Amino acid sequence: MHKPIDAFIKDLHYPALKLSDTEWIQIEFVFNILLPLKATCMCLQQTSRPAMEKVFHMYETLFNELDRLSMQAEDKYIHYLNHF
């Protein structure tokens, strides 16, 4: 949504609202965290009483994904810092 949002802000003639590259990186990070949280919630909401093994599996999957995103974010941050 980077390009449409930038175009919208430009059309409004409010350049002060333009998001910086750092802000876009932060938005991407938050978005990537929210996706697995949403998927976990949606999966657990499909049944009225999910079995314990399903809950455990979903949370284990969720935490593994969050760990992966954390490592990915660290790599991106280090790469970003190395450009300065």
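This dialogue reads a few features of a predicted model.

Reader: What are the ground rules for numbering and confidence?

Author: Residues count from 1 along each chain as its sequence is written, and side-chain values use heavy atoms, without hydrogens and water. Local features need pLDDT of at least 70, side-chain atom pairs need 80 or more, and totals for chains, interfaces and linings use all residues.

Reader: Which salt bridges does a search of the whole structure find?

Author: A salt bridge is a side-chain nitrogen of Lys or Arg within 4 Å of a carboxyl oxygen of Asp or Glu. The search finds two. Asp6 pairs with Lys18 at 3.7 Å, N to O. That pair links distant parts of the chain: Asp6 sits in helix H1, Lys18 in the loop between H1 and H2, twelve residues apart. Helices are DSSP runs (H or I, at least four residues), numbered from the N terminus. Arg68 and Glu65 make the other bridge, with closest N and O atoms 2.7 Å apart. Both lie in helix H3 (residues 52-82), three residues apart, so about one helical turn separates them.

Reader: Is Asp6 buried or exposed?

Author: Buried means under 20% relative accessible area, exposed over 50%, partly exposed in between (1.4 Å probe, protein chains only). Asp6 is buried because its value is 19%. Lys18, at 51%, is exposed. Arg68 is partly exposed at 40%, and so is Glu65 at 25%.

Reader: What is Thr40 in contact with, leaving aside neighbours within four places in sequence?

Author: Contact means heavy atoms within 4.5 Å. Thr40 touches Met58 and Leu62 on that basis. Thr40 belongs to helix H2 (residues 21-45) and is buried at 6%.

How values were computed: Helix = DSSP H or I, 4+ residues; strand = E, 2+ residues; numbered from the N terminus.
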